[in-house]
Amino acid sequence: MVRSKTLFVCQNCAATYPKWVGRCDNCGEWNTLVEQVAVSSGKSVVARSGNSGKLLDVQTMRSISSREGATRLQTGFSDLDEVLGGGVLPGSVILIAGQPGIGKSTLLLQVSAYVAHNDAVLYASGEESASQVKLRAIRLGAEKSEQISFASSTSADDIAATIRSGGYKLVVIDSIQTLALDEITSAPGTVSQITNSSNVIIRAAKQSGAAVVLVGHVTKEGSIAGPKVLEHLVDVVLQLEGDRYGGFKIVRAAKNRFGSTNEAAIFEMNEGGLSLVKNPSAALLAERQNTDGSVVLATIEGTRPLLVEIQALVNPTNFGYPKRTASGFDLNRLNLLIAVLERRTKLNLSDKDIYINVVGGLKLNDQAADLAICMAIASAAASRRIDDGIVVFGEVGLGGEIRSVQSADRRVAEAKKLGFTQAIAPKGAAKNTFIKDVSDLRTALIDYLQK
Ligand code: TYD
Ligand code: MG
């Protein structure tokens, strides 16, 4: 009797096991094994002598023609073009990842509609039916375009063949996790399907010169679902982040072979789809009420300065351990800052619940947020306000010292533009009367928190 042999494959690192185990020995992840039918290649691998290769066809660097001359496709969103390094390069493969419902399909349909003014676009979806996509296209005003072709398919081979036909300048595939190759028996979304399907698609893209955008899912921790190798295979990795309900949505490049990864595009979702936010600082501060616990931080998003309101709420703990929560800020960092505040100033926070909110659904990833967070907590704890015209930035060290941060000039320029009159910042940030420099946390709190 022939039993079809099954293997258990780790979805994180692709290690294989003959039996199911709870934890992958290779990468240490829990519960990542999936049962798959083993495909035997029929051929056993024989160590070869190494004499069978042929001479490579080499070119001198000077003689290689650069593709840079090739005109990049514009996406219709100027800031998104900048994130991509000046538009979408023909033949490139872009992976865009984000939480469900954040707006990946919406964004790509809008980009498709824009590109379709001049060039043919293929939109292949394995997630939605033609009529669902049509409904969305109607909302976005993209339904009339003759140049967007739609296909509902989950076959990587079929899509690759269609790409190779050469009829399209831009191909959107929604999503890589739904694609499958017939010869592989495992389910769509598994490591082997994702790796092999994307290889087939990428080869087709390079052959035909079509730019391909792959939609990727993320895991609940926020990293791109599937093998890490997927990120290595593609040319550009974009991340669409933000709050799912309302708030800003930010596109950042985590990897870009044709441009820098310092740019960011900020979007807002409304009835007509996503639109660029031209002046995000003003929008973020529009509803600000200066109460205690509210501090304006001058942060940097990509290369762009941004003013964000940080809010803190400090309440007495009613029962048990004090509670600390942060939305838009790293909780470990918050706990560290609270420890610094307790040790280096005279604030007693050990019996206080502390809540931090970054307004606008932004996720701060900027060391310079430290000082603003500390001042917001102190302001809330002591019921003292910070003056209306002040913005804050600076890193806080464990000794309570304020450390310098990058791009101080740009932060200050943005604050001036929005009518602020002072910046509390680290020493030596700039020779500038606008900046009131502070060297340690304690003096910052004493000098700038007023009754
Ligand atoms: P979607 O683009 O399908 O997200 P994803 O592909 O990343 O899973 O949808 C994002 C959300 O945006 C959806 O919940 C509905 C909303 N939306 C609008 O608010 N306005 C619009 O015009 C459209 C098309 C969607
Ligand atoms: Mg979608």
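Biologist: Which residue follows α4, and what is its phi?
Modeller: In this predicted model, α4 is followed by G166, which has a positive phi, near 85°.

Biologist: And which residues of α4 are buried?
Modeller: Helix α4 covers residues 156-164, and its buried residues are A156, I159, A160 and I163. They sit on the same side of α4, because they cover an arc of only 100° around the axis.

Biologist: Why would residues three or four places apart point the same way?
Modeller: An α-helix has 3.6 residues a turn, so residues at that spacing point the same way.

Biologist: Now the ligand, please. Which residues come nearest to ligand 1?
Modeller: There are 16 residues around ligand 1, and those that come nearest are G101, K104, S105, T106 and E271. By type, the shell holds 4 nonpolar, 8 polar and 4 charged residues.

Biologist: Which elements supply at least two residues of that shell?
Modeller: Those are α2 (104-115), α3 (130-140) and β11 (264-270).

Biologist: How far is T106 from an oxygen atom of ligand 1?
Modeller: An N or O atom in the T106 side chain is 2.5 Å from an oxygen atom of ligand 1. With G101, a polar backbone atom is 2.7 Å from a ligand oxygen. For I102, a backbone N or O atom lies 3.4 Å from an oxygen of ligand 1.

Biologist: How much of the accessible area of ligand 1 does the protein cover?
Modeller: The protein covers 73% of the 560 Å² that ligand 1 has on its own.

Methods:
Residues are numbered from 1 along each chain as its sequence is written. Chains are lettered from A and ligands numbered from 1 in the order in which they are written. This is a predicted model: local features need pLDDT of at least 70, side-chain atom pairs count only at pLDDT 80 or more; totals for chains, interfaces and linings use all residues. Side-chain values use heavy atoms; hydrogens and water are left out. Buried means under 20% relative accessible area, exposed over 50%, partly exposed in between (1.4 Å probe, protein chains only). Helices (H or I, at least four residues) and strands (E, at least two) are DSSP runs, numbered from the N terminus. The arc is that of the directions from the helix axis to the C-beta atoms. A residue is near a molecule or strand if one of its heavy atoms lies within 4 Å of it. A polar contact is a pair of N or O atoms within 3.5 Å; within protein, one must be able to donate a hydrogen and the other to accept it, and residues adjacent in sequence count only if both atoms are side-chain atoms. Accessible areas come from the Shrake-Rupley method with a 1.4 Å probe; for residues, only the protein chains shown count as cover. Ala, Val, Leu, Ile, Met, Phe, Trp, Tyr, Cys and Pro count as nonpolar, Asp, Glu, Lys and Arg as charged, and the others, Gly among them, as polar.
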